[in-house]
Amino acid sequence: MLKKLLFISILFSMLTFAFAACGDATSNTSASNSSGSQVHMDSTTFIQPSITIKKGESLTLVSDTVTPHIIANGTWDQGTAKPAKESGAPEVKDVQVNGNSSTSIGPFNTAGTFKLYCTIHPGMNLTVTVQ
Ligand SMILES: [Cu+2]
């Protein structure tokens, strides 16, 4: 009986170690991911409405669901799509982000405020501030 308990406790500590190692690997991965600028999207919206990046950086758009998105320069204004490209904005012309996938846009080489929108989801706007 005692032997069995010992075995179980050793097994448990090994499992704990394995999980701890796993947790470390996961946090390392997410740390390196977050060093690039990412904006996540659910099925119909950007999860954050705006992001600030540095001049020369690109932006990675990540679809967290099976829904694809088609991104372009412009904005939704009260339900109406208003395509518009600010001077200095990188050209974003119907860039498709597939479901559960990511796409990089940019680089944003000029400081300023740039608007992007998803052409298939009314109201799905993102403001990119480049410093
Ligand atoms: Cu969309």
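A residue is called buried here when its relative accessible area is under 20%, exposed when that area is over 50%, and partly exposed in between, using a 1.4 Å probe and protein chains only.

First, some ground rules. The model is predicted, so local features need pLDDT of at least 70 and side-chain atom pairs count only at pLDDT 80 or more, while totals for chains, interfaces and linings use all residues. Residues are numbered from 1 along each chain as its sequence is written, and side-chain values use heavy atoms, with hydrogens and water left out.

Now for the overall plan. The protein chain has one helix and nine strands; these are DSSP runs numbered from the N terminus, with helices being H or I of at least four residues and strands being E of at least two. Along the sequence, the pattern reads α-β-β-β-β-β-β-β-β-β. The protein chain has 131 residues, of which 24% count as buried.

Let us start at the helix end. The loop between α1 (2–35) and β1 holds G36. This glycine is partly exposed, at a relative accessible area of 36%. G36 and L59 are 23 residues apart in sequence, and their C-alpha atoms are 7.5 Å apart in space.

Next comes a sheet. Two strands are said to pair if DSSP finds at least two bridges between them. Three strands make up an open sheet in the order β1-β3-β7, with mixed pairing. Its edge strands, β1 (37–41) and β7 (102–105), each pair on one side only. On average, neighbouring strands of this sheet are turned by 25 degrees against each other, direction ignored; the axes behind such angles are lines fitted to C-alpha atoms, for helices over the stretch in contact, and angles run from 0 to 180 degrees between N-to-C directions. Strand β3 (residues 59–63) pairs with β7 in the antiparallel sense over four bridges, and V62 stands opposite S102 in β7.

Three bridges join β4 to strand β6 (residues 95–97), and the two run antiparallel; the bridge partner of H69 in β6 is V97. β4 also pairs with β8 in the antiparallel sense, over three bridges, with L116 of β8 as the bridge partner of N73. Four bridges link β4 to strand β5 (residues 80–83), again antiparallel, and here W76 stands opposite A81. The hairpin of β4 and β5 has two residues between the strands, and Q78 in this hairpin takes a positive phi near 50 degrees.

The side chains of D77 and K82 meet in a salt bridge, 3.0 Å from N to O; the term means a side-chain nitrogen of Lys or Arg within 4 Å of a carboxyl oxygen of Asp or Glu. By this rule, the count is one salt bridge. D77 is partly exposed at 36% relative accessibility, and K82 is partly exposed at 38%.

Aromatic rings make contacts too. Rings of Phe, Tyr and Trp (its six-membered ring) pair if their centres lie within 6.5 Å, and planes under 30 degrees apart count as stacked, over 60 as edge-to-face and the rest as tilted. This gives a count of two aromatic pairs. W76 and Y117 form an edge-to-face pair, 5.9 Å centre to centre with 80 degrees between the planes. W76 lies in strand β4 (residues 69–77) and Y117 in strand β8 (residues 112–118), so this pair ties together parts 41 residues apart in sequence. Both W76 and Y117 are buried. F108 and F114 form a tilted pair, 6.0 Å centre to centre with 40 degrees between the planes, and both of these phenylalanines are buried.

Finally, the copper ion. Donors are N, O and S atoms within 2.8 Å of the metal (3.2 Å for Na, K and Ca), and sites may look incomplete because water is not among the atoms. The protein donors are H69 (ND1), C118 (SG), H121 (ND1) and M124 (SD), lying 1.9 to 2.7 Å from the copper ion. In sequence these donor residues are spaced H-x48-C-x2-H-x2-M. H69 in strand β4 and C118 in strand β8 link distant parts of the chain, 49 residues apart. H69 is buried, with a relative accessible area of 0%. The four donor atoms subtend angles of 96 to 131 degrees, which makes the arrangement tetrahedral, a label given to four donors if all angles lie between 85 and 135 degrees.

Note on methods: Four donors count as tetrahedral if all angles lie between 85 and 135 degrees; four count as square planar and six as octahedral if opposite donors are over 155 degrees apart and all others between 65 and 115; anything else is irregular.
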